[in-house]
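This briefing is intended for a reader meeting the structure for the first time. It moves from the overall fold to one helix pair and then to the aromatic rings.

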Amino acid sequence: MDNFNSYNRFENKTQGYGIGVSTLRFGKKWYILPKGKAIFKTYDGFAGQLKNIRIVNELVCSELCKQIDLDCATYEQASLYGQTGVVSYDIAKYDEKLIDGEMLKKISGVNEKSSSISIYSKAIDNLKKKNIKIDKKNILKELYKIALFDTLTFQTDRHDNNILFAVNENENSLKPTKLIDNEFAFLTLLLPQIQYASTFDNVLNTYVDYAKFNRKVFSVDGFKSYKKLVSGIVKLAKNDEELKTILVSTLTNINVEKAFENVEEMGNKISPDYKKYVSHLVDYSKQCFIDEIKNYKIKTEENKNKLEK
């Protein structure tokens, strides 16, 4: 684990993070290291008892993103002035300004409080009318990958402020940037509620109810159950060959056990019970996706046999 009391590690970095924010409700503290070259996060206060889990989640999700070619901020466990946390850097280039999904919707004139692929699609269409250079297909592809990943990993904190875009004012352009803030993956924000759930169906219902009323789950519109959520994501890929390939390759390549193994090789100890719990969640999600793929009869030439193995 690196100690960042001295900042020499970042002396030669050419990219930076941007503006830091403190979220006191969940006990998160953000420290922007010199010249904005990195950000250190630690957790205490409310939900501070989940500190170690939140650190592990960031590290594990970073590893999972590498497996499925989803552009995610690099996270490493670190310490700063005696506080344990994670450090990340290289989110935006020096000539780029970061805006979040909330700001994107605001400047595009889309007045929607919830977040979904279709809502962002409307925002992008409005911005294109203002002659901003946007590769809509690429942005929607990246948003699809995020929705797929978030559903597989049961994210509970993917609100608009956790979806970032890079703006290059010189080029008058906008593009998606790295994924951040996966600390509340695997239903972590709901652990106090679900620990008393009598069945796994009750756990899923708690997640869906949370998604409807807290607007912190980024996905598709109008789902009424977890399986309907999965179905909506699969349906988007039905008539799009590129999304089909992303869908099947993600399910084929994502490997929670390998991600945990890599994180532990960095010197992090993870509870066997937590590893078992996370593996169960993701295995269940993968099976839901595989069932829906069969229902929609989705195949790709490259991957048509992989999911059967």
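The points below are grouped by topic and describe a predicted model.

The protein has 309 residues, of which 52% count as buried. Its secondary structure consists of ten helices and nine strands.

**Overall features**

- Among contacts with a separation of 6 or more, 66% are between residues 24 or more positions apart.
- The accessible surface of the protein is about 15300 Å², and carbon and sulfur atoms account for 47% of that area.

**Helices H9 and H10**

- Helix H9 spans residues 256-265 and helix H10 spans residues 272-296; their axes come within 10 Å and cross at roughly 150°.
- The crossing of H9 and H10 is right-handed.
- On the H9 side, the contact involves Val-256, Glu-257, Phe-260 and Glu-264, which meet Tyr-274, Lys-275, Val-278, Ser-279 and Val-282 of H10.
- Sorted by class, the residues of this contact are five nonpolar, one polar and three charged.

**Aromatic rings**

- The whole structure contains eight aromatic pairs.
- Phe-200 and Tyr-284 form an edge-to-face pair, because their ring centres are 4.8 Å apart and their planes lie at 75°.
- Phe-200 belongs to helix H6 (residues 200-214) and Tyr-284 to helix H10, so this pair ties together parts that are 84 residues apart in sequence.
- Phe-200 has a relative accessibility of 24% and therefore counts as partly exposed.
- Phe-154, Phe-200, Tyr-207, Tyr-226 and Tyr-284 are linked by ring pairs into a cluster.

Methods. Residues numbered from 1 in each chain as written. Predicted model: local features only at pLDDT ≥ 70, side-chain atom pairs only at ≥ 80, totals over all residues. Heavy atoms only, no water. Axes fitted to C-alpha atoms, helices over the stretch in contact; angles between N-to-C directions. Helix = DSSP H or I, 4+ residues; strand = E, 2+ residues; numbered from the N terminus. Left-handed = near helix turned anticlockwise from the far one by under 90°. Contact = heavy atoms within 4.5 Å. Nonpolar A, V, L, I, M, F, W, Y, C, P; charged D, E, K, R; others polar. Buried < 20%, exposed > 50% of the residue type's maximum accessible area, 1.4 Å probe, protein only. Areas by Shrake-Rupley, 256 points an atom, 1.4 Å probe, with all protein chains shown as cover. Phe/Tyr/Trp six-rings, centres within 6.5 Å; stacked < 30°, edge-to-face > 60°.
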